[in-house]
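This report looks at aromatic contacts and a few other local features of one protein structure. Please keep the sequence and the structure in view while reading.

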Amino acid sequence: MNIPRPSLTWLYVVIALIIGYLYFTGEEGSGSREVTYTEFQQMVSQGYASKIVAYDDNAVEMFIKPEHIVDVFKKDAAKVGRSPFVKVQAGSMEALEKFIDQEQANGHFDGSLSYKKQSNYFGLVFWNIFPIFLLVGLWMFIMRRMGGGAGPGAPNNVFSVGKSRAQLFEKGSAKITFKDVAGQAAAKQEVQEIVDFLKQPQKYTELGGKIPKGALLVGPPGTGKTLLAKAVAGEADVPFFSMSGSDFVEMFVGVGASRVRDLFRQAKEKAPCIIFIDEIDAVGRARGKNANMGGNDERESTLNQLLTEMDGFGSNSGVIILAATNRVDILDKALLRAGRFDRQIYVDLPDLNERKEVFGVHLRPLKLDKTIDVDLLARQTPGFSGADIANVCNEAALIAARHGEPAVGKEDFLAAIDRIVGGLEKKTKVMTADEKRSIALHEAGHATISWFLEHANPLIKVTIVPRGRALGAAWYLPEERQITTKEQMLDEMCATLGGRAAEELFIGHISTGAMNDLERVTKQAYGMIAYAGMSDELPNLCYYNSGDEYMFNRPYSERTAELIDKGVKEMIAQQYVRAKELLKEHAAGHNRLADLLIEKEVIFAEDVEKIFGKRPWTSRSEEIMAKAEEAPALPQPEKAPETDCPEAPENREG
């Protein structure tokens with residue numbers, strides 16, 4: 001039986017009627033009339049007054065004798081009430097008393113004169129009822145704010161704080177399909193099986209197989225994990241519950257576990273369906289490693305409930321859980337075991353062919369001219385994620401609109417890649433001639449050494465125009481390698497140290513401009529020795545622990561730490577000496593390159609080739625670039641980490 005909820009509207013109406021009645025009715029429910037003081041004196045002199053009441057605010061009420069009601073109000077006595085009166089404002093009480101005494105002496109007034117304190121019925125009622133209304137209104141406001149303006153049964157209501165906050169997409173509401181996901185062919189193939197499970201479960205169960213319970217999408221940020229999950233929902237055409245891992249955790253104890261229970265309860269009612277938990281690392285972090293050291297951990301309680309619901313005593317037939325994270329290494333092992341997340345789908349950065357597909361998707365809504373070459377754009381953006389490519393396309397459109405162009409062209413895309421990779425160009429930055437030459441020598445050092453090293457990345461362009469936090473940059477096009485050899489890493493390290501070596505050789509002093517270079521080579525050297533086992537004294541040893549089991553102690557002794565430090569110093573010192581030897585050997589060409597850089601501010605690979613001749617080694621990247629019909633390519637696609645030096649001229653990765 002549906003019992004209607006009581007409405008407060010009737011209460012408001014009744015209170016308004018009571019206030020109106022008290023306000024509009026007098027002492028005895030009588031009628032009244034405003035008169036002037038002269039009219040008041042005339043009425044008293046004519047004997048109309050039965051009694052007079054004076055108030056402390058000089059207001060006077062004169063009650064009329066019944067036989068004179070018609071004379072005063074021009075109405076029948078029945079229409080003006082039992083005790084009608086007229087109102088008047090006296091000048092002073094002394095004058096009123098003197099007038100009344102005189103009229104009594106003349107026999108015109110035989111009634112009584114009384115004094116009263118003025119009573120404001122409306123104000124009295126208002127100040128007694130208003131605080132109650134204020135408290136009720138404040139309570140209703142707080143309840144609505146805490147409940148998101150929803151009713152008692154809504155998931156965001158304060159009384160339903162333990163309810164799931166998952167957004168439900170019913171069948172047919174998800175419009176994204178696999179056609180909207182470019183690249184990621186391997187990932188789409190794996191999630192396609194999940195779609196088949198939901199569409200034709202009997203195809204697999206007839207052979208005795210079981211439908212997987214969960215799939216974890218793993219990969220770097222911006223690679224399309226969430227988009228892939230939406231596409232699964234669109235392709236499968238089943239109900240889709242979507243929420244973030246942080247939606248489970250609240251300040252209230254037990255709320256996260258309650259929301260997990262409610263989520264799976266709703267999912268069982270909608271089965272077959274999909275549950276998607278984005279950024280699951282918010283609740284799936286490995287247990288027992290909380291810095292709070294004791295006490296109730298709401299996140300761990302939520303994770304325990306999630307583990308139970310995914311593969312506990314109960315059954316979740318027809319419910320498939322998808323989750324996404326870029327920090328799979330910190331997830332709890334129980335969450336990753338078979339029976340919970342049965343498979344991990346790695347969504348990697350797109351390769352060359354996949355980047356072409358991604359560009360094809362993001363170029364659709366743009367108005368393009370005939371100069372666009374998708375192959376060239378894909379070649380110049382290795383290491384870019386799908387989100388990065390979307391940003392490039394949007395930035396190119398903004399640049400074209402800023403310049404008033406009718407369509408987006410190739411130069412707009414090249415400028416967009418420059419803008420995203422290197423930062424905003426700052427041509428207005430003031431530099432002295434000495435600073436400009438120092439930066440030119442520094443960048444020419446990188447270009448010179450990379451030109452003569454076999455495994456160094458091919459040079460694309462060098463600039464001394466400030467961009468972002470860098471005063472200059474040398475941009476390269478690295479090969480897309482699956483593995484990297486020690487020789488390749490050493491050549492890259494030597495090329496990175498070329499800027500500092502050029503400063504010492506040709507300027508006579510060193511500067512803070514190489515801070516970013518030194519940070520990168522130091523990290524690279526430690527990685528080679530401590531993780532990749534590329535040290536002569538510590539060969540074939542890796543001290544990297546992805547499980548983070550060593551919370552307080554390093555996984556090696558102090559003696560080993562000394563050997564690692566010693567190996568890093570020797571490796572960097574050897575490559576620094578090697579860089580200086582190469583610069584001494586090609587000093588004349590280096591100086592010509594620096595002078596050209598000061599003159600033109602931006603030089604390309606063909607400018608370097610005119611000075612040094614053809615490069616002794618041709619890499620795969622250079623072969624690809626040679627096939628391009630358009631001239632010089634653009635920025636180095638690998639993004640550089642932020643440097644601590646605000647004026648570091650080197651940004652070779654940026």
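Predicted model: local features only at pLDDT ≥ 70, side-chain atom pairs only at ≥ 80, totals over all residues.

## Aromatic pairs

Across the whole structure, a search finds six aromatic pairs. One of them joins Tyr37 and Phe40, whose ring centres are 5.6 Å apart and whose planes meet at 35 degrees, so this pair is classed as tilted. The angle falls in the tilted class because stacked planes are under 30 degrees apart and edge-to-face planes over 60.

Both Tyr37 and Phe40 belong to helix α2, which covers residues 37-45. They are three residues apart, about one turn of the helix. Tyr37 is partly exposed, with a relative accessible area of 23%, whereas Phe40 is buried at 0%. Together with Phe99, Tyr37 and Phe40 make up one aromatic cluster.

## A pair between two helices

Phe452 and Phe612 form an edge-to-face pair, with 5.1 Å from centre to centre and 85 degrees between the planes. Phe452 is in helix α18 (residues 433-452) and Phe612 is in helix α24 (residues 605-612), so the contact ties together parts that are 160 residues apart in sequence.

## Strands β12 and β13

Strand β12 (residues 459-463) pairs with β13 in the antiparallel sense, over four bridges. Thr463 stands opposite Ala473 of β13.

In a regular strand, side chains alternate between the two faces of the sheet. Strand β13 (residues 473-476) has both faces covered. Ala473 and Trp475 are buried on one side, and Ala474 and Tyr476 are buried on the other.

## An exposed loop residue

Where is Asp110 placed? Asp110 is in the loop between α5 (93-106) and β5 (112-116). With a relative accessibility of 63%, Asp110 counts as exposed, because the exposed class starts over 50%.

Asp110 and Ile100 are ten residues apart in sequence. In space, the C-alpha to C-alpha distance between Asp110 and Ile100 is 9.8 Å.

Note on methods
Residues numbered from 1 in each chain as written. Heavy atoms only, no water. Phe/Tyr/Trp six-rings, centres within 6.5 Å; stacked < 30°, edge-to-face > 60°. Buried < 20%, exposed > 50% of the residue type's maximum accessible area, 1.4 Å probe, protein only. Pairing = 2+ DSSP bridges.
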